[in-house]
Amino acid sequence: MLVLVIIVGIIVIKILKRYSSVWVVESGSMVYEEKNTVLKSVDDVDIRLGLINPNNYNLAMQTLGYHILYQMLNEREDCFCERIIYPDVESIETNTNLKEFDILSFTIHYTFSYFNLVDMLKKAEVPVLRKNRTNEDPLIIAGGPIVTANPMPLSDFIDIFFIGDGEYVLNDFLDLYNKFENPREHLEEFAKIEGLYIPELNNRTNIALVEDMDKKFHVTKPVIADNNEQNRINWIRLEVARGCSRGCRFCMSGYLYRPLRETSVERLVEIAEKTRKNTGFSKIFLSADAIADYSRIDELISSLQQNY
């Protein structure tokens with residue numbers, strides 16, 4: 001009886017995936033419904049990139065940076081970015097194993113993610129150590145605050161580190177990647193891009209930071225995940241600022257990502273309106289290291305209240 005229930009459940013999920021506007025996701029022991037999931041034909045792109053978050057699904061989907069990279073990369077016509085979330089080693093979008101991708105990109109926010117990263121590579125049969133990889137293996141890149149603070153604990157496992165705001169130089173990286181038949185043989189060319197640290201070369205680099213928050217990529221069509229009302233994210237996330245004016249030495253974000261850079265009120269209202277059209281949400285979440293320090297906070301709240 002139990003086997004029959006499981007088989008029927010699998011059939012229902014497959015039917016929903018095929019005919020429903022809602023994308024059904026299996027991650028770990030949970031089943032989620034998603035909207036705004038991106039699907040492309042793999043034959044129409046040059047780069048297949050696995051965007052990996054080595055944490056559980058709920059934590060991954062609450063990470064603003066994960067949504068930024070997913071939407072930004074999929075707006076490129078030559079790239080299909082698919083999400084892979086621990087403990088799975090297959091992508092959400094096409095159920096493709098890690099080892100089949102051209103590039104694997106890890107987003108590292110916590111030190112305990114180190115172990116999950118290694119575990120995912122082992123389970124997918126991707127060589128864990130970079131020295132053992134060949135041109136037939138995916139190029140493995142990593143970014144995030146933990147990597148920016150200190151990439152060295154992972155230097156034996158990662159081919160290229162993104163130091164700072166990864167999206168600031170990611171398009172330059174992919175443009176260069178597309179020029180080479182075997183990118184792993186041209187690491188010295190990637191080292192010329194600001195913010196890329198390559199352990200094999202042990203090159204010096206500067207932290208790459210977004211300079212103009214109005215011109216940076218902002219999420220307006222996030223993936224909406226919902227498995228129940230308690231875990232549902234049903235608000236618009238606005239990135240009000242990056243960095244912090246205080247620069248406390250004990251604070252990783254405030255110290256590494258300074259100076260303070262703010263998004264204008266006008267741009268934030270524009271982003272909120274576009275996101276509302278794509279999601280139907282009306283609640284707003286303001287994101288910054290120190291939101292009360294935003295120089296136009298009163299004006300921003302008044303403007304948002306008028307529109308929402």
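Here are some notes on the predicted model above, taken point by point.

1. Ground rules. This is a predicted model, so local features need pLDDT of at least 70 and side-chain atom pairs count only at pLDDT 80 or more, while totals for chains, interfaces and linings use all residues. Residues are numbered from 1 along each chain as its sequence is written, and side-chain values use heavy atoms, with hydrogens and water left out.

2. The open sheet. Six strands line up in the order S4-S3-S5-S6-S7-S8, with mixed pairing; helices (H or I, at least four residues) and strands (E, at least two) are DSSP runs, numbered from the N terminus. Two strands pair if DSSP finds at least two bridges between them. At the edges sit strand S4 (79–85) and strand S8 (196–197), each pairing on one side only. S8 runs antiparallel to S7, with 2 bridges between them, and Phe161 stands opposite Tyr197 in S8.

3. Strand S5. Have a look at S5 in the viewer. 5 of its 5 residues are buried, where buried means under 20% relative accessible area, exposed means over 50%, and partly exposed is in between (1.4 Å probe, protein chains only). Both faces are covered, with Ile103, Ser105 and Thr107 on one side and Leu104 and Phe106 on the other. S3 runs parallel to S5 and is joined to it by 4 bridges; Leu51 stands opposite Ser105 there. S5 is also parallel to S6, over 5 bridges, and Ile103 faces Leu139 in S6.

4. A crossover. S5, helix H4 (residues 113–123) and S6 make up a right-handed β-α-β unit. Right-handed here means that, with the strands pointing away from the viewer, the path from the first strand over the helix to the second runs clockwise.

5. Asp165 is in the loop between strand S7 (160–162) and helix H6 (167–177) and Arg261 is in strand S12 (residues 261–262), so the pair ties together parts that are 96 residues apart in sequence. Both Asp165 and Arg261 are buried.

6. A loop-to-loop pair. Asp293 and Arg246 form a salt bridge at 3.0 Å, N to O. Asp293 belongs to the loop between strand S13 (283–287) and helix H10 (297–307), and Arg246 to the loop between strand S11 (241–242) and helix H8 (252–256), so this pair links parts that are 47 residues apart in sequence. Asp293 is partly exposed at 28% relative accessibility, while Arg246 is exposed at 55%.

7. Lys274 and Glu270 meet in a salt bridge of 3.3 Å, N to O. They are 4 residues apart in helix H9 (residues 265–279), so about one helical turn separates them. Lys274 is partly exposed, with a relative accessible area of 39%, and Glu270 is partly exposed at 36%. Elsewhere, salt bridges that share partners join Asp165, Glu167, Lys216, Glu239, Arg242 and Arg261 into one network.

8. The largest pocket. Its volume is about 990 Å³. On a 1 Å grid over the protein atoms alone, a pocket is an open set of points with protein on both sides within 12 Å along at least five of seven lines, a cavity is a set where a 1.4 Å probe fits but cannot get out, and lining residues have an atom within 4 Å of a point. Grid points are joined across faces, edges and corners, and a volume is the space filled by probe spheres set on the points. Of the 38 lining residues, Thr63, Leu64, Gly65, His109 and Pro145 are the closest to the centre. H3 gives the most to this lining, with 6 residues.

9. The cavities. There are 4 cavities of 30 Å³ or more in the whole structure. The largest cavity holds about 150 Å³, and among its 15 lining residues Pro222, Val223, Ile233, Trp235 and Arg237 lie nearest the centre. S10 supplies the largest share of that lining, 3 residues. The second largest cavity has a volume of about 70 Å³, and its lining includes Asp293.

Methods. Salt bridge = Lys/Arg side-chain N within 4 Å of Asp/Glu carboxyl O.
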